[in-house]
Amino acid sequence: MKEWTREERYRYLKDPQELYELYQRVSKSVYRQTFHVQSVTGLMNDPHGFVWHDNQWHLFYQWCPWGAVHGLKHWYHIVSRDLVSWKNLGVCLLPDQNDGYDNKGVYSGSAMPIGDKMYLYYTGNHRDADWKRHAYTCLARLGNDGWPEKYPLPLFGSHPNYTEHQRDPKIMKVEGRDEYYMIIGAQTKDLRGCILVYSSPDLQHGWSIAGELNVPGFSDFGDMWECPSIEHIGGHDVLLLCPQHITLPGRGGTQNHNGYILGTMDWDTLTFTPDGQFHVLDFGFDSYAAACANNIEDTDKAILIAWMGLPDVSYPTDDEDWAGCLTLPRELTVRGRRLIQQPLPELKKLRGEKIITNKGVNPLPKACEIELDCRPGDVAVKLFTSENGEGGMLVSFDEAKKEISVDRSGMTNRFNLSEGEVRTRPLENGLSHLRIFVDSSSVEIFVNDGDAVFTSRCFPTKEEHLFTTEGETFVRLWPLKAAVKDSFLI
Ligand code: FRU
């Protein structure tokens, strides 16, 4: 695997032409997705700035143009009318080339649309001459002409009582309160993850620290909390966060997690009182840094998109100089004490003609949706098997253990072995329904109408193009149409 020097990782983008050759090479990869957003070249990570504005959805993501490496991060801009088909608009925020506040990266953030402008809040990742990190919370304004104007000074610098790991501002307007709030993922000096809360009467000025968010029972839960947000869904407050460097039961060797806590947020005392435990958002292998749309009108739900990837791991396409894609958009609701995640209803538009499949070995199109109704008993779906029905990714429900698991150890291309190759989730009430979305290099499995989701990258070989099912099931399959324009726009 290629070793990247610091100079190579942090090279400034001067001219789109310098990426065109790379794009041409990358776009020939057999693993390019067809209905998932992916970057034109290089590495993509966190989605952010997810809002409805000017009659369309806007979404940005972290983008390092040069290759599958975490280096100089830009904000790349995409738009959609229905959250199904996406169009590239090109790079929106670039790091400053003159030692400015974001000289080594425009890191994750959020957006707030007001009138015909969108305010973009982000972390300026500054490195000084000794390569010491300094975090700034910065603002840019995007007009409807698509042209971003960065404010010359940051809104504020890092808080001195915490380490320089302070990032990912999430801007929000809280119902019934006059001021705006911004929450930021941070790390205490004794290395515990936490959230800082800032407030201001005005979006553009006057920001000051309100305090550290108190989350009783979670004062020592990982050493850094990335990408926090507080959503209000169906009368419940939901704290979403990515705790790092902590091992959780059932999560293999993974040290980075994306999850949520249901509870009640008190903005007067800055206390989020949990109403239960931390739940992972996704039980699969590759999902992190989920972002919820900032301004949807229906307060009973939220819409979430996550990065289909993880920090600190590598993927088979790294050698092709690209990595990462986004998950499908999901509708979030609260049922009992859990978040329910369903694929957005609009995704049905992608379906081609329905195929009812038989038991035994069936062809698996490169992009398809498989739906299964399941009767009580063991169920096994093997995706990406070869002609003889061997190998592949095994999705199985064990009736005796009341447990569903996804095992990707049977694939020819195995990767991230230290994270573990099997993920499980108890299903106390058994398995009744599965919806499985397969793209060229990913699988998303929605279990029992959104009760659990498993999201995973996978890189099948030419021979791995079949699937089998076992158990009392009724199986339908739809080939899915392409929905992302993989067009070169920098
Ligand atoms: C999460 C993250 C954020 C940061 C961004 C940099 O994946 O580390 O905390 O802002 O990625 O790309």
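**Close-ups of the cavities, pockets and ligand site**

**View 1. The largest cavity.** Strand 1 contributes six residues to the lining of the largest cavity, the most of any element. Strands are DSSP runs (E, at least two residues), numbered from the N terminus. A cavity is a set of points, on a 1 Å grid over the protein atoms alone, where a 1.4 Å probe fits but cannot get out; lining residues have an atom within 4 Å of a point. This is a predicted model: local features need pLDDT of at least 70, side-chain atom pairs count only at pLDDT 80 or more, and totals for chains, interfaces and linings use all residues. Residues are numbered from 1 along each chain as its sequence is written, and side-chain values use heavy atoms, without hydrogens and water. The volume of the largest cavity is about 190 Å³. It is lined by 21 residues, with P47, H48, G109, K170 and A291 closest to its centre. A volume is the space filled by probe spheres set on the points, which are joined across faces, edges and corners.

**View 2. The largest pocket.** A pocket is an open set of grid points with protein on both sides within 12 Å along at least five of seven lines. The largest pocket has a volume of about 860 Å³. Its lining holds 42 residues; N45, H70, K73, P311 and D312 lie nearest its centre. Strand 1 again gives the most, here four residues.

**View 3. The ligand in its pocket.** The ligand takes up the space of the largest pocket (more than half of its atoms lie within 2 Å of the grid points). Around the ligand are N45, D46, Q62, K73, Y107, S108, R167, D168, E226, Y288 and W307, each with a heavy atom within 4 Å. This shell divides into three nonpolar, three polar and five charged residues. Here Asp, Glu, Lys and Arg count as charged; Ala, Val, Leu, Ile, Met, Phe, Trp, Tyr, Cys and Pro as nonpolar; the others, Gly among them, as polar.

View 4. A polar contact is a pair of N or O atoms within 3.5 Å. A polar side-chain atom of K73 lies 3.0 Å from a ligand oxygen. For R167, a side-chain N or O atom is 2.8 Å from an oxygen atom of the ligand. For E226, the distance from a side-chain N or O atom to a ligand oxygen is 2.8 Å.

**View 5. The second largest pocket.** This pocket has a volume of about 670 Å³. K173, E175, E231, H232 and N294 are the closest to its centre among its 25 lining residues.

How values were computed:
A polar contact is a pair of N or O atoms within 3.5 Å; within protein, one must be able to donate a hydrogen and the other to accept it, and residues adjacent in sequence count only if both atoms are side-chain atoms.
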